[in-house]
Amino acid sequence: MTVFAPVTDVALLLMQAEVKDDHVALECSDGSVTRFHHIWLRDNCRCADCLHPQTWERIVDTMELPLDLTPELLELPQPDLLRLIWTDGHVSEFSASWLQRRAYDRPARVEHEETLWGADILQQLPEIDAAEIDAGDAGLARWVQQIRDHGLSVVRNVAGRDREVERLAGKIAFLRETNFGVGFDVESKPDPNNVAYTALELKAHTDLPNREMPPGVQFLHCMEASAEGGESVLVDGFAAAEALRRQDPEAFDILTRVQVPFQFQDREWDLRWTSPVISLDAAGRLREI
């Protein structure tokens with residue numbers, strides 16, 4: 001069964017849909033061709049009987065679905081809509097954009113690529129004004145995208161109030177407490193339990209590797225610079241890792257496999273975790289340094 005859709009002026013079209021033995025093959029107006037298995041489509045049905053309309057959580061029991069489910073009828077009532085009527089009479093509808101974002105055939109996947117950087121980032125720092133973040137969702141989205149793409153964002157004109165950085169951070173995530181607290185002041189102390197609480201220079205490093213789940217994003221707020229020096233130094237760990245992968249693949253491989261012990265210890269805490277320095281995902285892409 002093959003269905004063709006007429007061309008109309010929408011962002012993304014389903015140009016052709018065809019039922020195969022165990023999947024539905026789709027051709028979109030952007031040229032992508034992908035497939036979705038029958039059981040996957042039925043398991044991900046968006047109707048109110050399968051997806052709770054308020055919580056948006058699936059309520060279908062996957063184990064009750066027969067593995068040989070097949071669409072009895074396939075329709076494209078609109079160029080951006082796929083409708084399937086299953087052999088048991090159930091009806092499922094999927095928008096073209098929803099399907100494209102979830103295409104799991106590797107050739108059809110559009111993976112997000114981080115922007116790796118070096119000193120060249122100084123020519124165009126990812127930055128935003130705090131007022132834009134507070135103004136609404138558009139500014140908040142731009143801020144999150146900067147963090148996603150570059151791993152950093154410089155927020156200008158943050159109010160000099162105590163804990164203001166925690167208020168801004170709370171806009172995009174819940175705040176995790178560590179042994180240093182939710183927020184902490186980086187300043188010289190007479191009895192320090194961390195080099196950050198001394199006047200010594202901090203070399204490039206990653207924070208809290210002694211934890212199973214280190215904080216994904218850290219927020220630093222310069223309240224007062226009362227001495228010379230102390231500038232922040234930022235390094236793109238992913239760029240360094242990719243350079244190592246090119247220049248010395250064997251060393252890169254060792255750092256992805258060998259478990260390294262990390263530890264923080266003071267009078268009250270003894271925190272330990274073991275992990276490779278470089279973590280990869282299932283496809284071999286960088287996940288964590």
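## The cavity

A cavity, as the word is used here, is a set of grid points where a 1.4 Å probe fits but cannot get out. The model described in this report is predicted. A search of the whole structure finds one cavity of 30 Å³ or more, and the largest cavity holds about 50 Å³ of space. It is lined by 11 residues, of which C28, S32, T34, L99 and Q100 are the closest to its centre.

Three elements, β3, β4 (33–37) and α2, each give two or more residues to the lining of the largest cavity. The most comes from α2, with three residues. By class, this lining has eight nonpolar and three polar residues, and no charged ones.

## Nonpolar cores

In soluble globular proteins, nonpolar side chains tend to be buried together. The largest nonpolar core in this model has 20 residues. Within this core, the residues with the most contacts are L26, L41, L82, L84 and L99. The elements that give two or more residues to this core are β2 (14–19), β3 (23–28), β5 (71–78), β6 (81–86) and α2 (96–101). Apart from it lies another core, of six residues, among them I128, I133, L140 and L168.

What does L41 touch, not counting residues up to four places away in sequence? Its contacts are V24, F36, L84, W86, F94 and L99.

Strand β3 is largely enclosed by the rest of the structure, because five of its six residues are buried. β3 pairs with β2 in the antiparallel sense over five bridges. In this pairing, A17 has L26 of β3 as its bridge partner. The two strands are joined by a hairpin through three residues.

β3 also pairs with β4, again antiparallel and over five bridges. Here H23 stands opposite H37 in β4. The hairpin of β3 and β4 has four residues between the strands, and G31 in this hairpin takes a positive phi near 95°.

## Strands β6 and β7

β6 and β7 run antiparallel and are joined by five bridges. One of the paired positions links L81 with S95 in β7. The two strands form a hairpin with four residues between them, and G89 in the turn has a positive phi of about 90°.

## A buried histidine

H38 lies in helix α1 (residues 38–43). Is this residue buried or exposed? H38 counts as buried, because its relative accessibility is 3% and the cut-off for buried is under 20%.

Leaving aside neighbours within four places in sequence, H38 is in contact with a run of residues that includes V19, K20, D21, D22, H23 and V24.

Most residues other than glycine have a negative phi. W56 is not a glycine, yet has a positive phi of about 60°. W56 lies in the loop between α1 and β5, and with 68% relative accessibility W56 counts as exposed.

N157 is another residue other than glycine with a positive phi, near 60°. N157 lies in the loop between β9 (154–156) and α5 (164–169). At 63% relative accessibility, N157 also counts as exposed.

## R156 in strand β9

R156 lies in strand β9. With a relative accessible area of 39%, R156 is partly exposed. Not counting residues up to four places away in sequence, R156 touches L125, E127, I128, D129 and A130. The C-alpha atoms of R156 and E132 are separated by 9.9 Å, and the two residues are 24 apart along the chain.

## The second largest pocket

About 170 Å³ of space lies in the second largest pocket. Its lining has 10 residues, and E113, E114, E242, R285 and L286 lie nearest its centre. Helix α6 (residues 237–247) gives the most to this lining, with three residues. By class, the lining of the second largest pocket has three nonpolar, one polar and six charged residues.

How values were computed:
Residues are numbered from 1 along each chain as its sequence is written. This is a predicted model: local features need pLDDT of at least 70, side-chain atom pairs count only at pLDDT 80 or more; totals for chains, interfaces and linings use all residues. Side-chain values use heavy atoms; hydrogens and water are left out. A nonpolar core is a set of buried Ala, Val, Leu, Ile, Met, Phe, Trp, Tyr and Cys residues joined through side-chain atoms within 4.5 Å. Buried means under 20% relative accessible area, exposed over 50%, partly exposed in between (1.4 Å probe, protein chains only). Contact means heavy atoms within 4.5 Å. On a 1 Å grid over the protein atoms alone, a cavity is a set of points where a 1.4 Å probe fits but cannot get out, and a pocket is an open set with protein on both sides within 12 Å along at least five of seven lines; lining residues have an atom within 4 Å of a point. Grid points are joined across faces, edges and corners, and a volume is the space filled by probe spheres set on the points. Ala, Val, Leu, Ile, Met, Phe, Trp, Tyr, Cys and Pro count as nonpolar, Asp, Glu, Lys and Arg as charged, and the others, Gly among them, as polar. Two strands pair if DSSP finds at least two bridges between them.
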